Amino acid sequence: MMQQYVETKKEYKDCILFYRLGDFYEMFFEDALTASRELEITLTGKNCGLEERAPMCGVPYHAVDSYLNRLVSKGYKVAICEQMEDAASARGLVKRDVVRIVTPGTNLDVQALDETKNNYIMCVVYIADRYGLSVADVTTGEYMVTELTGSEKLFDEIYKYMPSELICNESFYMSGMDLELLKDKLGITLYSLDSWYFDDKICQRTLTDHFHVNALDGLGLKDYDCGVIAAGALLKYLLETQKRDLSHITRLSVYAAGKYMLLDSSTRRNLELCETIREKQKRGSLLWVLDKTKTAMGARALRKQIEQPLIDKREIERRLDAVEELKDNAISREEIREYLSSVYDLERLVCRITYQSANPRDLIAFEHSLAMLPHIKYILREMKTPLLKELYNSLDTLEDLCELVKSAIKEEPPIAMKEGGIIKEGYNEEVDRLRSAKSDGKEWLAKLEANEREKTGIKNLKVRFNKVFGYYLEVTNSFKNMVPEYYIRKQTLANAERYIIPELKELEDTILGAEDKLYALEYQLYCEVRDQIGREILRIQSSAGAVAQLDALSSLALAAERNHYVRPGINEKGIIDIKDGRHPVVERMIPGDMFIANDTYLNDKKNRISVITGPNMAGKSTYMRQTALIVLMAQIGSFVPASSADIGLVDRIFTRVGASDDLASGQSTFMVEMTEVANILRNATGRSLLILDEIGRGTSTFDGLSIAWAVIEHISNSKLLGAKTLFATHYHELTELEGKINNVNNYCIAVKEKGDDIIFLRKIVKGGADKSYGIQVARLAGVPETVIERAKEIVEELVQADITDKIKDIASHGQEQPAAKPRHYDEVDLAQMSLFDTVKDDDVIDEIKNLDLGNLTPIDALNTLYQLQNKLKNRW
């Protein structure tokens, strides 16, 4: 047995071998040492003919999944070696073979996977400054391929898909990619494969054989040399590890990376699209706000839409039309959602069916899901928009498969496939007969005994059983002269004779073999049903895709209705015009309707760059992020949080928000910031949207200001870049650029001062701030008063050395400027914002001071509180 183990292990050197011995999976030698350490299980030893006992540890077969998942999540490959024959009937050594290799990107266990996320495996091939990239999700059958130039684009694709496993050729290791970032920061397991996996001919043959085509042209891969190698190597790797034909992978999608909006890792993180920056939780992300899906398939589809915004106006409008129709037809939409709530994860079920691992309860859930499809299709028939009509046409109701499962499988079957109790009565005559034999055997024997007594007249004739003879008829010696001729004597006892008759032997065969035969037949029929479903993969996948998309669109429609979103206009003129825009996440976090809406206007002419000034905590970052999110939401086909919005299509969104050290790689805050700025300036285009927050603050004032100034000049020049930009800064000197550069405009966050206190009004107004209110913010944060007072003294001294005048000189290139008293826009001209005239703080405070609390009744107190609250609401 150990020799058999060693021979098997030689073939799977890079795997931990789970070697089936009876009720346990055992590991030996190095595998045992690794597994005992990682799984924290007892390490023992086994005598196997060596001088020392072989290290050994094991896990019970019924609990293998949890141990397997722990190893795979740590990046190990695990080869499952099963007993291929029954140990009881095997002659000599039981035959064993590896039936599957489990890796992070090929794990199928439902408990280990997030049903709302795809589990992608990616293959990257680096050849002559080009990258071939292929991505697959074994659990759903998705399979995609593209080609890229440049490591930045490759990183963007990796961040988009976030694969759990990445396989590559040796050249990829030499391409200069930051492999430590992939492994340590992103948690991606990285494997390089042997060179033969990337052989042109092997890759081409693997693809043509799998998809049953004569040439690559049939797959749309004619012009994708690197892509063919990446896709072929990935499919070959999956076939090698999964040890089966992967018939649920039915199509290869060729896509161009430029088909979707480009979002780099920093932007995905800063905009918190699918998880928050700090807690890495869904709550607090854009996905959390928009995800009202009812199915796992719909949740995955919506996540993909958020991570891959469209840049094709026609496709965006098709989605918006569908969302609008679902929003306006609330009754039909809610009916659809009610039916969707009973729909199982059909995409992943198809995978388990082709892997032959779907259990009877899976099939019942499958049948319940299919039972909902006719109802969903019936409601969809009323829809008028093209996309919903397409979904109606592609939604196969699969009634034949539903009827098959309904007629064959019991309503509440066991999970086990080989222990009976699966097949419904009436589906198969032999099953019914065997089941009757098993349950009614005693009754049949009693009936036979009564019949024989009546026929022979032997009153004490009895049917008995022992393990040697099986069933027999026993007659005492006093009646043996009455025994008929057709009785066959089997045994003579001192006071009785034992006989058998053909009818009794038939019953014996039926009863004794009934259970084993029943279980075997039920399993055979179950497999036939499962395989019959498996042959309809294409139909099931088509319906699953339609259900997923419908669920995602319904979710967007419901979010639009609940959150009072509007349909955005989509233009190709480069104009972003948002009225009363709101941050989709922040407004949900703030109680009541307290969020302050703001306008945004950007275009490719005089309103290309908005320089936004104002104190910390005033809401600059929220405002800029909300603009980016509204643009992104529009381009995924969602309604947006605003009173109106006209969105000019952008090809990329770049954000540079916040500061963070990367000490592990020796990069300071400023170095990280400058690296991100360099990436933006190199990769942005005139159709991009840039969100830049506090550029240059990580270094000295003069250096930082100079860099920020130069960055704005570079962006504003259409020959160099010309991207629409929101630029937040504390360098108030940058407000001098308005009027000097014709497409730069100043805005600030409105603030109201009251003595040493300030109130953030959260409103964006035209003009620039010339104060940071840092000392007031420090007071709000609870900095000790002694420090605050000393800071005031120091700031007075520093004001004397203000560099603003010098900056004005630089901006005017030596031209004399007329002396003018600087206007404090951020203090807000109360005439400009008449909303503040309604109620003054003092009015409310004076009213509270003058209340006679001692004589107020409870009802009077409630009424007074209600009136004060209304005044404050109007005030804000």
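## Around Gln 204

Author: Gladly! Setting aside neighbours within four places in sequence, Gln 204 is in contact with Leu 216 and Val 228. Please keep in mind that this is a predicted model.

Reader: Where does Gln 204 sit, and is it buried, partly exposed or exposed?

Author: Gln 204 lies in helix α7, residues 200-211. Its relative accessibility is 35%. Buried requires under 20% and exposed requires over 50%, so Gln 204 counts as partly exposed.

Reader: How do you know which residues of helix α1 are on the same side?

Author: Begin with the buried ones: in α1 (residues 2-11) they are Met 2, Gln 4, Tyr 5, Thr 8 and Lys 9. They span an arc of only 150° around the axis, which puts them on the same side of α1. Gln 3 and Glu 11, on the other side, are exposed.

Reader: What do the buried residues of α1 pack against?

Author: Their partners are β1 (16-21), β2, α2 (29-39), β5 (78-83) and β6 (96-102).

Reader: What makes strand β4 largely enclosed?

Author: Of the 7 residues in β4 (residues 54-60), 5 are buried, so the rest of the structure largely encloses this strand.

Reader: And how do you know which strands pair with β4?

Author: Pairing takes at least two bridges. Strand β2 (residues 24-28) has 5 bridges to β4, in the antiparallel sense; among them, Tyr 25 is partnered by Val 59 of β4. Strand β3 (residues 44-46) is joined to β4 by 3 bridges and also runs antiparallel to it, with Gly 45 bridged to Pro 55 of β4. With 5 bridges for β2 and 3 for β3, both pass the cut-off of two, so both count as paired with β4.

## The nonpolar cores

Reader: How many residues does the largest nonpolar core have, and which have the most contacts inside it?

Author: It has 138 residues, and Phe 172, Leu 290, Ile 533 and Ile 653 have the most contacts inside it. Helix α20 (residues 537-562) gives the most to this core, 13 residues. A second, separate core has 33 residues, including Val 125, Tyr 191, Leu 238 and Ile 249.

Reader: Which residues does Ile 653 touch?

Author: Not counting residues up to four places away in sequence, Ile 653 touches several residues, among them Met 261, Leu 263, Thr 267, Val 631 and Leu 689.

## Salt bridges

Reader: Why is the pair Arg 300 and Glu 347 called a salt bridge?

Author: The cut-off is 4 Å between a side-chain nitrogen of Lys or Arg and a carboxyl oxygen of Asp or Glu. For Arg 300 and Glu 347 the N to O distance is 2.7 Å, so the pair qualifies. Arg 300 is in helix α11 (residues 296-307) and Glu 347 in helix α14 (residues 346-354), 47 residues apart. Both Arg 300 and Glu 347 are buried.

Reader: What about Lys 724 and Asp 604?

Author: Their side chains meet in a salt bridge at 3.1 Å, N to O. Lys 724 belongs to strand β25 (residues 724-728), while Asp 604 is in the loop between β20 (598-602) and β21 (609-613), 120 residues apart. At 1% relative accessibility, Lys 724 counts as buried, whereas Asp 604 at 28% counts as partly exposed.

Reader: How do you know whether Asp 651 and Arg 652 form a salt bridge?

Author: The closest N and O atoms of Asp 651 and Arg 652 are 3.8 Å apart. That is within 4 Å, so the label holds. Asp 651 is buried at 14% relative accessibility, and Arg 652 is buried at 16%. The rule gives a count of 43 salt bridges. Lys 313, Glu 317, Asp 321, Glu 324 and Arg 567 are linked in a network of them.

Reader: What makes β14 and β16 the edge strands?

Author: The open sheet has 4 strands in the order β14-β15-β17-β16, with antiparallel pairing. β14 (462-466) and β16 (488-492) each pair on one side only. From one strand to the next the twist averages 40°. β16 and β17 (residues 496-500) share 4 bridges, one of which joins Thr 492 to Glu 497 of β17.

Reader: Which strands does helix α19 lie across?

Author: Helix α19 (residues 502-534) lies across β14, β15 and β17, at about 140° to β15.

How values were computed. Residues are numbered from 1 along each chain as its sequence is written. This is a predicted model: local features need pLDDT of at least 70, side-chain atom pairs count only at pLDDT 80 or more; totals for chains, interfaces and linings use all residues. Side-chain values use heavy atoms; hydrogens and water are left out. Buried means under 20% relative accessible area, exposed over 50%, partly exposed in between (1.4 Å probe, protein chains only). The arc is that of the directions from the helix axis to the C-beta atoms. Contact means heavy atoms within 4.5 Å. A nonpolar core is a set of buried Ala, Val, Leu, Ile, Met, Phe, Trp, Tyr and Cys residues joined through side-chain atoms within 4.5 Å. Axes are lines fitted to C-alpha atoms, for helices over the stretch in contact, and angles run from 0 to 180 degrees between N-to-C directions.
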